[in-house]
Amino acid sequence: MDEQPAGGGLPLSPVGRLAATVDRLSSEVRAAQAEAEGRALIELAKGVLVARLGCGPAEAARQLTELAEQSRATLLEFAVDVINQAARDRMSEITDAFLAATAAAQEAAGPEGGGAQGGSPAVRLRAAESGALAADDAQAAADALLEQALRPLGAVAVAVWAVAPDGSLTLAGSAGFSPAEAARWRYVPPDVATVARVGLTERTGRWITSLAETGLPSLGRHQYPEGGRVAVPAGTGGRIHGVLEIAWPEPLAPQPRAVVRQVEALAELCAHTLETHTPAPGNGQEPRVLPDAAELMDLADGLYDPALVLVPHLDAAGNLADFRIQHVNKRFLDPAGRPRAVVGGALLLEAYPMAAGDSELFRSVERVYATGEPFRARRMNLTALVDQVPLSATADISVSRHGNAVLLIWRIEDETARLASLLQHAQRLGRIGGFEENLLTAEITWNGQLFDLYGRPRTSTPVPLEELAAHAHPDDAVAIGRFRRTLLHHRRPASAAFRLQRPDGVTRHVRVVAEPVLDTDGRLLLVRGAYQDISAQHWTEVALAATRDRLAQSEQQAIERNRLTLQLQHAIMPPSHTPLSTPDLQVAVRYRPAETEQLVGGDWYDVVRLPGGRVLLCVGDVAGHGIEAATSMVVLRNALRGLAVTGAGPGQLLSWLNMVAHHLTGGVTATAVCGLYDPERRTLRWARAGHLPPVLVRGAEAAPLPLVRGLLLGAVAETPYEEDEVQLAPEDTLLMYTDGLIERRDRSVEESLDQLLSTARATPAGLDQHLDRLLTYSRSDTDDDTCLVGIRVA
């Protein structure tokens with residue numbers, strides 16, 4: 001038989017019956033919770049009577065029942081009254097604690113120390129306590145504090161500031177300041193440096209000898225310009241509610257510890273008054289309605305990120321000891337994999353004891369609860385201690401205070417999420433094989449498709465970008481070098497197509513696409529990207545070219561022109577050079593074509609062993625680009641080779657070469673540096689013609705050789721060239737280069753040279769690696785070609 005609705009009518013559907021059952025069970029749960037809470041309050045009231053009357057639990061229960069009947073209130077209502085009265089007596093405990101400390105201080109100071117400040121501190125503090133308890137608001141409390149406790153200390157004015165969650169200050173009450181002055185200082189926006197703000201920030205308070213010396217603005221500055229000031233945070237239970245500011249008419253001398261403790265006790269009295277303070281509307285500031293913990297729990301359940309709702313946990317003395325995890329939302333993810341039920345209800349330091357460690361998570365939560373200022377952090381390390389085993393995770397943290405509760409949100413970056421993000425980027429960029437290379441830790445992650453593309457087993461070590469050229473066709477080295485330079489040093493997304501030579505002998509046409517990832521400080525953190533097998537596309541393009549389609553033919557012609565240009569550059573100046581066979585001397589050279597492949601440059605170098613055993617080292621740069629510059633470069637290089645056989649020094653060689661440039665090449669101009677190295681003496685004699693000086697790398701230092709005079713080649717018919725000699729030592733490295741290595745449009749030559757010297761100081765084990773590093777880390781942006789010659793003395 002179907003269940004009937006309460007008011008008659010049609011029978012409920014199965015869904016309706018289920019909803020009615022859930023509603024009934026929910027009502028029963030709420031009733032049970034209310035009953036349990038009521039019993040807890042009654043038991044708490046019994047405990048208060050046991051402490052007050054000095055009786056046992058049974059007698060306290062009887063007294064509570066009789067008193068409730070006499071007052072004609074229910075047992076629960078009367079229990080609430082007893083608990084509220086006990087809470088109000090907490091302020092007296094503050095005074096008692098201070099009086100005990102003051103009595104000890106007076107006993108240690110002797111009979112002279114008690115009344116030096118204008119009467120008994122005990123009497124003053126008791127009177128101030130009575131005034132604060134009787135005060136209806138912060139203004140009345142300020143009047144009571146000034147008259148009963150502070151005037152005997154010599155103070156003339158007092159201000160009670162309330163701090164809002166946004167960091168602004170509101171003048172809740174003042175005494176001793178003029179009404180006009182108090183009206184002007186009714187509201188202080190956030191981040192405005194005042195005496196009260198400094199006291200709030202420093203937490204332990206600020207005692208100022210003279211206000212004029214600090215230059216800080218504050219209430220009553222014109223009334224008491226030379227007087228002393230004190231600003232002490234007013235807090236209770238670990239939460240700061242405001243600031244107590246006290247003014248003296250004269251400079252303030254250092255105060256004894258008893259007076260300092262008295263001021264701190266008065267600040268805590270103010271904190272209890274400020275707990276119920278509601279700022280009046282004004283200055284464009286509407287009073288805020290802060291949600292309680294229950295509303296915050298609803299808010300947390302609506303978030304897409306894992307979140308915890310924390311409430312303060314106080315010790316027996318009323319001080320903040322920890323935070324209770326009041327609620328855990330449905331998306332909560334524990335770093336140790338524990339279920340929500342294990343974490344919910346526990347103390348924060350109980351569930352995460354490592355929060356008090358290096359991450360300073362607990363201190364951050366404590367600071368947010370005290371000040372109301374939100375806290376954000378990226379990539380904070382979270383550690384959970386499970387069975388004495390630390391389990392770590394990295395998360396983005398957000399902490400904010402709402403009323404008397406704190407909302408802690410964290411977004412954990414786990415291995416699964418990282419791999420999913422890697423796959424997503426691989427699909428976005430290449431659709432085939434994704435990779436991620438951490439440049440700080442050298443950790444490389446490949447997916448399975450990328451191992452298959454390389455023809456390598458999945459248990460093998462991934463190939464870093466630094467070794468990419470070793471797995472490609474030699475003709476593609478220039479394209480790969482340009483790809484790495486754009487990605488790693490210009491920090492821009494880059495792509496390159498090359499022929500991948502696999503271990504099984506198969507050659508695949510591959511396109512690599514990658515982008516740099518920077519951290520919050522703009523430093524290069526990692527590189528992520530994808531490899532795409534474009535072999536089928538490549539052979540399709542070849543087949544389409546065979547059809548002599550006009551568009552495909554034009555593209556093929558453009559490709560051939562670029563290829564011929566590169567071949568011409570390589571024929572004139574090959575990118576690599578066969579090492580020179582010279583005892584006790586390593587020689588390496590590098591040539592990098594211009595970024596614009598259609599332009600043939602005029603840079604040149606030469607390394608020749610002369611008949612007498614000396615070694616000719618030279619680099620030069622003919623002005624301009626194109627076939628004319630290239631042919632002039634060949635003339636100068638070959639002329640210098642022939643002249644060097646005469647045995648003349650570098651200065652004389654450049655003088656003759658200047659005549660060749662001026663008379664025989666159509667008036668071209670060029671720069672050059674020429675050196676003759678003597679292996680027996682380990683000396684280098686060199687001269688320059690308008691060129692940058694060589695760089696000597698010795699140990700951990702790198703510096704250019706001292707400049708010698710020499711005009712550029714071809715400028716005048718005849719000109720002398722100075723020479724200089726440098727003594728080299730074992731392990732010294734000498735670098736000659738053209739300006740394409742360092743030249744930039746946005747900075748001077750001196751700045752670019754400093755950058756080169758900084759890079760040259762890091763000397764790799766081999767000379768070839770040293771030159772490769774200089775080319776890779778070159779920051780030039782002028783699209784010019786580059787020659788680089790290096791020698792290292794063995």
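Five strands form an open sheet in the order β17-β26-β25-β22-β23, with antiparallel pairing. Strands are DSSP E runs of at least two residues, helices are H or I runs of at least four, and both are numbered from the N terminus. Two strands pair if DSSP finds at least two bridges between them. β17 (585-592) and β23 (701-704) stand at the edges with a single partner strand each, so one side of each has no neighbour in the sheet. From one strand to the next, the twist averages 15°.

This is a predicted model: local features need pLDDT of at least 70, side-chain atom pairs count only at pLDDT 80 or more, and totals for chains, interfaces and linings use all residues. Residues are numbered from 1 along each chain as its sequence is written, and side-chain values use heavy atoms, with hydrogens and water left out.

Look inside the sheet. Strands β25 (residues 733-737) and β26 (residues 786-793) run antiparallel and are joined by 5 bridges. Leu 735 has Gly 790 in β26 as its bridge partner.

Contact here means heavy atoms within 4.5 Å. Axes are lines fitted to C-alpha atoms, for helices over the stretch in contact, and angles run from 0 to 180 degrees between N-to-C directions. Helix α23 (residues 767-776) lies across β17, β22, β25 and β26, at about 30° to β17.

How do α22 and α23 pack? Their angle is about 145°, and their axes are 10 Å apart. Leu 756, Thr 759 and Ala 760 in α22 meet His 770, Arg 773 and Leu 774 in α23. The residues of this contact divide into 3 nonpolar, 2 polar and 1 charged. Ala, Val, Leu, Ile, Met, Phe, Trp, Tyr, Cys and Pro count as nonpolar, Asp, Glu, Lys and Arg as charged, and the others, Gly among them, as polar.

Two loop residues remain. Ala 442 is not a glycine, yet its phi is positive, about 65°. Ala 442 sits in the loop between β12 (433-438) and β13 (444-446). Ala 442 is exposed, with a relative accessible area of 59%. Arg 491, also not a glycine, has a positive phi of about 55°. Its loop runs between α17 (477-488) and β14 (494-501). Arg 491 is partly exposed, at 40% relative accessible area. Exposed means over 50%, buried under 20%, and partly exposed in between (1.4 Å probe, protein chains only).
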